[in-house]
Amino acid sequence: MRILQALYFYAPYTSGLTIYCERLSRELVRRGHEVTVLTSWHDRSLPRESVTEDGVRVVRLPIAANLSRAVILPTLVPKAARLLRSHDVLNLHLPMAEATPLAALGRAMRKRVVVTHHSDLVLSSTLMETIATGVGRASGIGAAHLAQD
């Protein structure tokens, strides 16, 4: 099975969410699946695309802007659409503002959509961050309604 995992940050960035996704990806590859991780290019010293020593393909997208711990990735949905053509499953790791459009895309392409909600996005109290928090929450709820698992 070919699995596309999408999340804002991935190793070597360290958080509970990234550690979970890294371990899941590694185990899925160990069990014979092909795994691609679609994430942000949070560290410009990392290659845009690589394969880890465990066999996980990592595709990193440029960040247009940062909102505290959230990122703006304008190419996320178009790149996911291209990658989904050759994948069977889309696993979204939330929080993610693009979760609903990504889940809808996965369903439209007849892919299995799995949503893993790790935590709510909690940002400080600026207007933009309050809006980002609301968008992330609403998008996660929308994605959960579209997901099969």
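Predicted model: local features only at pLDDT ≥ 70, side-chain atom pairs only at ≥ 80, totals over all residues.
**Exercise 1.** Work out the overall make-up of the protein: how many helices and strands does the protein have, and in what order do the elements run?

*Solution.* Count first: there are 4 helices and 8 strands. Then read from the N terminus on, which gives β-α-β-β-β-β-β-α-β-α-β-α. Of the 149 residues, 46% are buried. Now take the contacts (heavy atoms within 4.5 Å) with a separation of 6 or more: 59% of them come from residues 24 or more positions apart.

**Exercise 2.** Describe how helix α2 packs against helix α3, and say which residues make the contact.

*Solution.* Step one is the geometry: α2 (residues 76–84) and α3 (residues 99–108) pack at about 25°, and their axes are 10 Å apart. The axes are lines fitted to C-alpha atoms over the stretch in contact, with angles from 0 to 180 degrees between N-to-C directions. The two helices, α2 and α3, are therefore roughly parallel to each other, a label for angles under 35 degrees.

Step two is the residue list. From α2 come Leu76, Val77, Ala80, Ala81 and Leu84, and from α3 come Pro101, Leu102, Leu105 and Gly106. Sorted by type, they are 8 nonpolar, 1 polar and no charged; Ala, Val, Leu, Ile, Met, Phe, Trp, Tyr, Cys and Pro count as nonpolar, Asp, Glu, Lys and Arg as charged, and the others, Gly among them, as polar.

Step three is burial: Leu76, Lys79, Ala80, Ala81, Leu83 and Leu84 of α2 are buried. Their cover includes β1 (2–6), β2 (34–40), β4 (57–61), β7 (89–94) and α3.

**Exercise 3.** Zoom in on leucine 84: which residues is leucine 84 in contact with, leaving aside its neighbours within four places in sequence?

*Solution.* Leucine 84 is in helix α2 and, because its relative accessibility is 0%, counts as buried. Beyond its sequence neighbours within four places, leucine 84 is in contact with Leu4, Leu90, Leu105, Gly106, Met109 and Lys111. For leucine 105, 21 residues away along the chain, the C-alpha separation from leucine 84 is 8.9 Å.

**Exercise 4.** Look through the backbone: which residues does a cis peptide bond join, with omega about 20°, and what is phi of arginine 110 near?

*Solution.* Begin with omega. Leucine 94 and proline 95 are joined by a cis peptide bond with omega about 20°, and proline 95 lies in the loop between β7 and α3. The bond from alanine 11 to proline 12 is cis too, with omega near 15°; proline 12 is in the loop between β1 and α1 (16–30).

Then turn to phi. Arginine 110 has phi near 60°, a positive value in a residue other than glycine. Arginine 110 sits in the loop between α3 and β8 (112–117), and with 79% relative accessibility arginine 110 counts as exposed.

Definitions and conventions: Residues numbered from 1 in each chain as written. Heavy atoms only, no water. Parallel < 35°, antiparallel > 145°, perpendicular 65-115°, else oblique. Buried < 20%, exposed > 50% of the residue type's maximum accessible area, 1.4 Å probe, protein only.
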